[in-house]
Amino acid sequence: MVNYQEKTDQQLVSMALANPHNFLYLMNRYEKPLIFYIRRISQFSVEEAEDILQEVFIKVYKHLNAYDPKLKFSSWIYRITHNQVISKFRKTKARPDQVSWDMDESLLNRLAADFDLEYDIDLKLFSQKIFNILNNLDDKYREVLILRYFEQKDYSEISDILKKPSGTVATLINRAKLKLKQKFESQNIKF
Amino acid sequence: MKNSISDKVLNKIDREKIKPTAKWEFIARDSLIWLFAFLSVLIGSLAVSVVIFLITGSVQLEVQASGLKRLLCLIPYFWLLILAIFLVLAYLNFQYTKKGYKLNPYLVIVISILLSIILGSVAYAAGLGEKIEEVFYRRIPVYQKIMHQSMRPLSDPQKGFLVGTVACTNDQGFLLYDFQRQKWQILLPEQSYKLLPKLPIGMRLLIKGQQLEEFIFQAEMLKPLLQPKHDLDMMIERNNILPRIN
């Protein structure tokens, strides 16, 4: 049994190209983070998110030879995932009803630290407020905030995932933070 | 979380015998995108060469039309539209390249425009602008109509200006279709008859002179439209056949 955790993404890609069953290692590495990512940007249910993830993995497998090692593999797979979710929205022609996803304390702490928020002792209530605020933002702002704060991607990675120049990403994040602050104020979330 | 997703994916790969797409297909696709981007810039450049040709040819026209009327005639809308379309295509193709998205879109557009202007100027200097415009005029009826429409305000026979295309030569001079498809008899002085073989059918001319009757015009000056250094022009100059307009 290969100890795939010591292998780089690039090595796992080469292994998968040599033998399809080695693709399992890449899937094991990215299954959980991508399921969370899909649910965060789409509000799909767990089952729908799993369906999308299956399509993502099939697409990734078919496109393994297109992967350019100069790009981070995680950025590449996140890009495919992002595009697959958008494609799903277009096919269904409707966004799903808001289904909440778990927002753990570490994520909330990260957001609170950056915005200097004082949040309630009731973590669940606070996370619900944040969740509602995020879901009411424009897609272009929500997706950069999720990548920045919840997926912990840097500007360069976000640029690669969304295929936008870094300058545009920085502008979007600044504007998104401004919008978020305005929403916090209107919801009486204190700074 | 159970690994049911991974199992399903691997089963599907086995069942449907899915294979990774060959690398050469991606290389071919990327190459095609670059080729289309390059071709778009090239066609945009050719449009620029025609724009330069039309503007430099038009500004030298000595006609009665002035001010806004003249300006509206001079602006080559058709070619500017072609240029805009191909600049957009070049930009879109560039965005689809592997690293194209990293550049600021405004920078990409500015570079595309600059490149088109530089290459277009070279193409114009090589005479391509004139040749392309002529081919379009002769072969594409829609373009011909657009040109006639835009140049029509330059024609004012009562004030001594007539524009049109040579229909055929005859004993007295030649027949001209103006841009409203009216046929005019153009009378030339006898000493100018040697010009007649130099007048190809379909040539666009600006004629200065005097309207004698309805659809009869006495020519005092002939000038090829949009072609300041045409052979005809030089022949008139060399042989002093007709007085030049100052």
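## Basis of the model

This is a predicted model, in which local features need pLDDT of at least 70 and side-chain atom pairs count only at pLDDT 80 or more, while totals for chains, interfaces and linings use all residues. Residues are numbered from 1 along each chain as its sequence is written, chains are lettered from A and ligands numbered from 1 in the order in which they are written, and side-chain values use heavy atoms, with hydrogens and water left out.

## Chain A

Chain A contains 9 helices and 0 strands, where helices (H or I, at least four residues) and strands (E, at least two) are DSSP runs numbered from the N terminus. Of the 191 residues in chain A, 48% are buried; buried means under 20% relative accessible area, exposed means over 50%, and partly exposed lies in between, with a 1.4 Å probe and protein chains only. If one takes the contacts in chain A between residues at least 6 apart in sequence, 65% of them join residues at least 24 apart, a contact being heavy atoms within 4.5 Å.

## The barrel of chain B

In chain B, 5 strands close into a barrel in the order β1-β2-β3-β5-β4, and the pairing is mixed; two strands pair if DSSP finds at least two bridges between them. Strands of a sheet pair through backbone hydrogen bonds, either parallel or antiparallel.

Strand β1 (residues 161-169) and strand β4 (residues 204-213) of chain B run antiparallel and are joined by 5 bridges, and β4(B) also pairs with β5(B) in the antiparallel sense, over 8 bridges. In β5(B), P224(B) stands opposite L205(B), and in the hairpin of β4(B) and β5(B), with 2 residues between the strands, F215(B) takes a positive phi near 65°.

## Salt bridges

Over all chains, a search of the whole structure finds 13 salt bridges, each being a side-chain nitrogen of Lys or Arg within 4 Å of a carboxyl oxygen of Asp or Glu. One of them joins the side chains of R40(A) and E151(A) at 2.7 Å, N to O. This pair links distant parts of the chain, 111 residues apart, with R40(A) in helix α2 (residues 23-42) of chain A and E151(A) in the loop between α7 (139-150) and α8 (155-162) of chain A; R40(A) and E151(A) are both buried.

In chain B, the side chains of R204(B) and E133(B) meet in a salt bridge at 2.5 Å, N to O. R204(B) lies in strand β4 of chain B and E133(B) in helix α6 (residues 128-139) of chain B, so the pair ties together parts that are 71 residues apart in sequence. Both R204(B) and E133(B) are buried, and salt bridges that share partners join E133(B), E134(B), R138(B) and R204(B) into one network.
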